[in-house]
Every structure is written in C-alpha cells, then in structure tokens.
Amino acid sequence: LWKNLPRGFAAYRMLLERDPGLAREWWFCAVATVPSRTTARSRELKRRCDAMVSEVNERFGAPGRPAVSLVYPELATTRNCVVAALTGASLTLVNPTYDGMNLVAKEALYLAGQAPVLLSQNAGAYEQLAGRVTPLQPFDVPATAGALAVGMAEGTAPRPVPGRDPADGQDAAAWLA
C-alpha cells in the first residue's frame, strides 16, 4: 500500500493527457509484488491499480503496444523480474509514501547507471542518494508528472553512480552490509 502505485499511474496519465505522443515513445512498466497475506485493503488497491492501467491503455495504448504494464511476477522470480526491468529502464520512478530504506532506488542507480531516478523524499534511501536523484513529494501528482516529463526529456545524462565510482567511498558490498 505504501508503494504509491496509484499516484505513479495518475502522474503518467496526466503526462500523457498533456502529450499523448509520449505513449508511442515510452512504456511505463511497473513491477509489483502481491502481499503474502492479502487483505481487503490490498485486494482493493490491486483492483484500483489494474483499473487505472486498463484506463490508461484504452486511452493511450495501441494494438500490441500498451502505454502501461503492471507486472505481478511469481514470488520465486520477483528478483529476476525487477533486475531485468531496472537494467532496461530509461527512467525509474520510486515514489513510496513512506518507506524504511527502499533498495530499489539504489538498485536502479547501479543497474541502469545512466537513467534518471525520481525518488520520493519519504524513502529511507533518499537522504543518502539525494545528490544523485530527482526528489519527489510522493503525494503531489502534478509535480510527479512534471518530474517525469523532465526526466524523459533529459534522457540518459551521465552522472556518478554509487558502487562504480571508488571515489564515493561506497561499493556494492558496503551497500549490502
């Protein structure tokens, strides 16, 4: 529930409403895990997210080319799916409302080193990564849409990547520890 998927989809929909042509150039792929213990609230969130994805695809997708995909990998393959998605990402949106650490942001910087990362200021990793990411207020959908537009326009501007630059004093082993 705290991963904030509906606001991410709403921001992308808002962006496509401003510039529908982006749906031909960009594909929003969200990888989500289903909780091990579902509740009425988590089932409602899943239903809401599925409905938002369907609505965006009906408005902006093309035959054989959805504007948005919401992937629920099998538990055993979740890690592989996330790594594949992040490795191929041109932009990563990590917008939790509140989150303890959020390793996905760190993984995104490492796996897709040239791709911009938009990160919620409420993610635990934000303080450490602030100089390498675009900050987001996760409750502000219009600002998130604007940050997505800027990130898409910037493309893949080079920037230092933690774990690949020994000068930053970090490596993957330190992150794991």
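## Reading the fold, the pocket and the core

Author: Start with one residue. Leaving out residues up to four places away in sequence, Ala147 touches Leu118, Thr134 and Leu136. Keep in mind that this is a predicted model.

Reader: Where does Ala147 lie?

Author: Ala147 is part of helix 7.

Reader: Is Ala147 buried or exposed?

Author: The cut-off for buried is under 20% relative accessible area. Ala147 has 11%, so Ala147 counts as buried. Val117 is 30 residues from Ala147 along the chain, and their C-alpha atoms are separated by 10.0 Å.

Reader: Now step back. How many helices and strands does the chain have?

Author: The chain has eight helices and five strands. From the N terminus on, their order is α-α-β-α-β-α-β-α-β-α-β-α-α.

Reader: What share of the contacts joins residues 24 or more positions apart?

Author: Take the contacts with a separation of 6 or more. Residues 24 or more positions apart account for 69% of them.

Reader: And burial and surface?

Author: The chain has 177 residues, and 40% of them count as buried. Its accessible surface is about 9700 Å². Carbon and sulfur atoms hold 56% of that surface.

Reader: How do I look for empty space?

Author: Rolling a probe the size of a water molecule over the atoms shows where empty space is left. Here, the largest pocket holds about 1500 Å³ of space. It is lined by 45 residues, and the closest to its centre are Lys3, Leu5, Ala30, Val31 and Ala32.

Reader: Which elements give two or more residues to that lining?

Author: Among them are helix 1 (5-18), strand 1 (28-31), helix 3 (40-60) and helix 4 (78-87).

Reader: What is the lining like by class?

Author: The lining of the largest pocket has 28 nonpolar, twelve polar and five charged residues.

Reader: Which residues have the most contacts inside the largest nonpolar core?

Author: They are Phe9, Tyr12, Leu16 and Val68, in a core of 29 residues. At least two residues of this core come from each of helix 1, helix 2 (22-25), strand 1, helix 3, strand 2 (68-71) and helix 7. Another core, of 13 residues, lies apart from it, and includes Val82, Leu119, Ala123 and Tyr126.

Reader: What does Leu16 touch?

Author: Set aside residues up to four places away in sequence. Leu16 then touches Leu22, Ala23, Val56, Phe60 and Ala67.

Reader: How should I read a backbone angle?

Author: Most residues other than glycine have a negative phi. Now look at Asn4. Phi of Asn4 is near 70 degrees, a positive value. Asn4 lies in the segment before helix 1. Its relative accessibility is 3%, so Asn4 counts as buried.

Reader: What is the phi of Asn102?

Author: Asn102 has a positive phi of about 70 degrees, although it is not a glycine. Asn102 sits in the loop between strand 3 and helix 5. With a relative accessible area of 8%, Asn102 is buried.

Reader: And Asn95?

Author: Asn95 is in the loop between strand 3 and helix 5. Asn95 has a relative accessible area of 6%, so Asn95 is buried. Beyond its neighbours within four places in sequence, Asn95 is in contact with Lys3, Asn4, Arg7, Gly8, Ser120, Leu136 and Pro138.

Methods:
Residues numbered from 1 in each chain as written. Predicted model: local features only at pLDDT ≥ 70, side-chain atom pairs only at ≥ 80, totals over all residues. Heavy atoms only, no water. 1 Å grid on protein atoms, 1.4 Å probe; cavity = no way out; pocket = protein on both sides within 12 Å on 5 of 7 lines; lining within 4 Å. Points joined across faces, edges and corners; volume = space filled by probe spheres on them. Helix = DSSP H or I, 4+ residues; strand = E, 2+ residues; numbered from the N terminus. Nonpolar A, V, L, I, M, F, W, Y, C, P; charged D, E, K, R; others polar. Core = buried A, V, L, I, M, F, W, Y, C linked by side-chain atoms within 4.5 Å. Buried < 20%, exposed > 50% of the residue type's maximum accessible area, 1.4 Å probe, protein only. Contact = heavy atoms within 4.5 Å. Areas by Shrake-Rupley, 256 points an atom, 1.4 Å probe, with all protein chains shown as cover.
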